[in-house]
Amino acid sequence: MRFKGKDLLGIEDLDASDIDLVLSTAESLREVSEREIKKVPTLRGKTIINLFYEPSTRTRTSFEIAAKRMSADAVNISVSTSSVVKGETIKDTAKNLEAMKPDCIVIRHSASGVPMMLANYVKCSVVNAGDGAHEHPSQALLDMLTVKEKKGAIAGLKLSIIGDITHSRVARSNIYGFTKLGAQVTVAGPPTMVPPGIEKLGCRATSSMDDAIKDADVIMMLRIQLERQKESFFPSVREYSRLYGLDEAKLNRAKKDVLILHPGPINRGVEVSSEVADGPHSLILDQVTNGVAVRMAIFYLLLGAAKE
Amino acid sequence: MNRLIIKGGRFLDPVAGIDGIFNIYVMGGRVASFKPAYADTTEITPGPGVEVIDAKGLLVTPGLIDVHAHLREPGFEYKETIRTGTLAAAAGGFTSILCMANTRPVNDNESVTRYIRKKAEEEGVVNVFPVGAVSVGQNGERLTEMFELKSAGCVAVSDDGMPIVDGGLMRRALEYSKICDLPVISHAEDPTLAGSGAMNEGEVSTRLGLKGIPGAAEESVVARDIALARLTGGRLHIAHVSTRGSVELIRMAKEEGLKVTAEATPHHLTLTDEAVLKYSTNAKMNPPLRSSGDVEALRKGLKDGTIDCVATDHAPQSIMEKDIEFDRAANGVVGIETAFSLIYGLVAEGLLTLNEAVSAMTIEPARAMGLDKGTLRVGSAADIAIIDLAKGWTVDPAKLRSKSKNTPFAGMTLKGVVEKTIVGGKTVYSRE
């Protein structure tokens, strides 16, 4: 089996069976990373370009390792968009890369919609590794895999996503993904950072942290960009942390078996206290491990599965 | 003198209250007479110096008037020129257009105005009325020499494209412009509320992860400018109204009797922010496409006269400015060739009468800007549009006369085809 389309651009475009397919494929690929020789020949001869217009350590490394464990050749390109001089357009870059005959381009960009543009320009597969505040599908898939691993199933669970929803692509992809698999999703944050119409994506919205955590099976804390303070999305880190930071006192009001997720990198002591981040409920490092498996599955489904 | 006879068309002139089958006789570029076709026994035959247009089955109206176009010349000739922009206007049935001041250099002094008029006379095919800037360089600091702008041919002033942030400057503009009776066209936008928004703020922007521009960014400045019109008694025209709240504010201002007029664009009257869903940069403009509730309010406003007229905000942008990331792409859509058909679509839907639609594109824009145009009387310049309402066409960007192709209507089939456009008795557009 493989994906219907050539690309993975967002979770919004997938249906539950697509998501299940990625998760089950990732589950079977997870053991490759436990072997002594961590490599399968499945994607030998395939070329994967990681085109990152935004700095990223974790995601880029995860995609690179995933490609290499599948025996694909991975090439990393980092482009700075902060440069004052306007560089080459996305279209020109896309056409130039395509001329080198890659099989897949993994793209991260600070502007929403760029992976869709790219997918229209090139014939090879495109994987969205995060675009602006739009989507981050591989992150949502690894989050679902992590929760499924611990809870057995996603359907019927209650997930609360807490923090800066407005600027979060992780929040959007997870709202789509978890609701498609039958979970109930609540988003919580200060009203300045909960965007209008978010309920139309299938979730409930609240500004009360207690409301969000009291019945949750899974709590996903989002990274707060400290620069948002300058734009008055919140008055101070101190007050933000007091209201929406997850510490042990707040955790005591949650379910005993609640799971804590965070897409990383974490601001310790801001959105999540060190005790909670390093505590028994935290799955932060499981997420990172599962990230490699999910990305191996994505490459396999887009590039490899057809041959079998 | 050359003669032109437009024979047997359905002549509709809202001002004169005429809607019937007429023969129109044009001599020396001016209307010489109208004769009801059934009673006209003149033998009409073409010959040397006598052109006959058979308009049987076609609509004949006063030439359309657009009070809001960007011709981009001087300075941005790679997007549009006075030549290509007026050819596009003619193809859309327009015979008179106002061109905005945000050229390079800005039309903020009489020499630029004279340059535009000279170019328009030499290379243009429709009547071009320049709009001068409100502030020097559109910098929002110092008033332009409005009296000289008017003397050189400007018919209104506007910093369109740039909001006037300083309420004090807007006040002075509305006061000072009274000397020469120039309307001040307001691009109503509070940039601190619009921020770096790229589209309407709402469910769609949330879904797409794009920064939104709330309706309040427009409405707060519409409210301010109406208060200033009340304070000063100046003539205020609100450009490209896009929200329900703005329509309400303008309705109240008119009930109060203030000198306030307003326009809405065909795209704001027919599209919602859902047109942006695939990150289509051809659906990006300022103000942005709004919600269906806003569209409904604009349509009602146009119907009841709160919105005086349709204006295109024809804003050509090259592919270099459009085929890039959505949030970096330039604002604006071309619209002068699709305007009539889109508004006629509202007639076909039963939302407007044909009389109201023609009125909103002829006499009402003329009145808002104080132009002696928009109706045909004996002696008027023969500015005429001939349109086939029964025919449809599919918008093909490659076939647009405009130099730029940034239309959100590509591929759509519209009703109402402009057959001929006549300016001063001369046919400037004829459908192939």
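Predicted model: local features only at pLDDT ≥ 70, side-chain atom pairs only at ≥ 80, totals over all residues.
A residue is called buried here when its relative accessible area is under 20%. B:Asp313 has a relative accessible area of 9%, and therefore counts as buried.

The cut-off for an exposed residue is over 50% relative accessible area, so A:Ser232, at 58%, counts as exposed. Such cases deserve a remark because most residues other than glycine have a negative phi, and most peptide bonds are trans.

Cis peptide bonds can be pointed out in each of the two chains. In chain A, the bond joining A:Gly264 and A:Pro265 is cis, with omega about -5 degrees. A:Pro265 belongs to the loop between strand S9 (259–261) and helix H10 (274–277) of chain A. In chain B, a cis bond leads from B:Arg104 to B:Pro105, and its omega is near 5 degrees.

Turning to covered parts of the chains, helix H12 of chain B (residues 339–348) has eight of its 10 residues buried. Among them are B:Phe340, B:Leu342, B:Ile343, B:Tyr344, B:Leu346 and B:Val347, along with B:Ser341. After H12(B) comes B:Gly350, with a positive phi near 85 degrees. In chain A, A:Gln139 is part of helix H5 (residues 137–151). With a relative accessible area of 6%, A:Gln139 is buried. Leaving aside neighbours within four places in sequence, A:Gln139 is in contact with A:Val170, A:Pro263, A:Gln287 and A:Arg295. A:Arg169 is 30 residues from A:Gln139 along the chain, and 9.3 Å separate the C-alpha atoms of the two.

The domain assignment divides chain B into domain 1 (3–60 + 380–430) and domain 2 (63–369). Taken over C-alpha atoms, the centres of domain 1 and domain 2 of chain B are 27 Å apart. Contact between the two domains of chain B involves 32 residues of domain 1 and 45 residues of domain 2. About 3,000 Å² is buried between these domains of chain B, with 67% of that area on carbon and sulfur atoms. B:Lys403, B:Asn406 and B:Phe409 provide 21% of the area that domain 1 of chain B buries against domain 2 of chain B, more than any other three residues.

On the side of domain 1 of chain B that touches domain 2 of chain B, strands S1 (3–13), S16 (384–394), S17 (413–423) and S18 (426–430) each supply at least two residues. S17(B) gives the most to that side, with seven residues. By class, the residues of this side of domain 1 of chain B are 20 nonpolar, six polar and six charged.

The interface between the chains comes last. Chain A brings 24 residues to the contact and chain B brings 14 residues. Chain A and chain B bury about 1,500 Å² between them, and 53% of it lies on carbon and sulfur atoms. In chain A, the residues that lose the most area to chain B are A:Ser112, A:Pro196 and A:Lys200, together 27% of what that side buries. Three salt bridges are found across the interface of chain A and chain B. A salt bridge joins the side chains of A:Lys91 and B:Asp323, at 3.1 Å from N to O. The rule also finds 10 residue pairs in polar contact across the interface of chain A and chain B, both residues at pLDDT 80 or more.

Helices H3 (90–98), H4 (114–121) and H6 (169–180) of chain A each supply at least two residues of the side of chain A that touches chain B. H4(A) gives the most to that side, with four residues. The side of chain A that touches chain B is made up of 12 nonpolar, six polar and six charged residues.

Key
Residues numbered from 1 in each chain as written. Chains lettered and ligands numbered in written order. Heavy atoms only, no water. Domains from an automatic or database assignment. Contact = heavy atoms within 4.5 Å. Buried area = accessible area lost by both parts, 1.4 Å probe. Nonpolar A, V, L, I, M, F, W, Y, C, P; charged D, E, K, R; others polar. Buried < 20%, exposed > 50% of the residue type's maximum accessible area, 1.4 Å probe, protein only. Salt bridge = Lys/Arg side-chain N within 4 Å of Asp/Glu carboxyl O. Polar contact = N/O pair within 3.5 Å; in protein donor to acceptor, adjacent residues only side chain to side chain.
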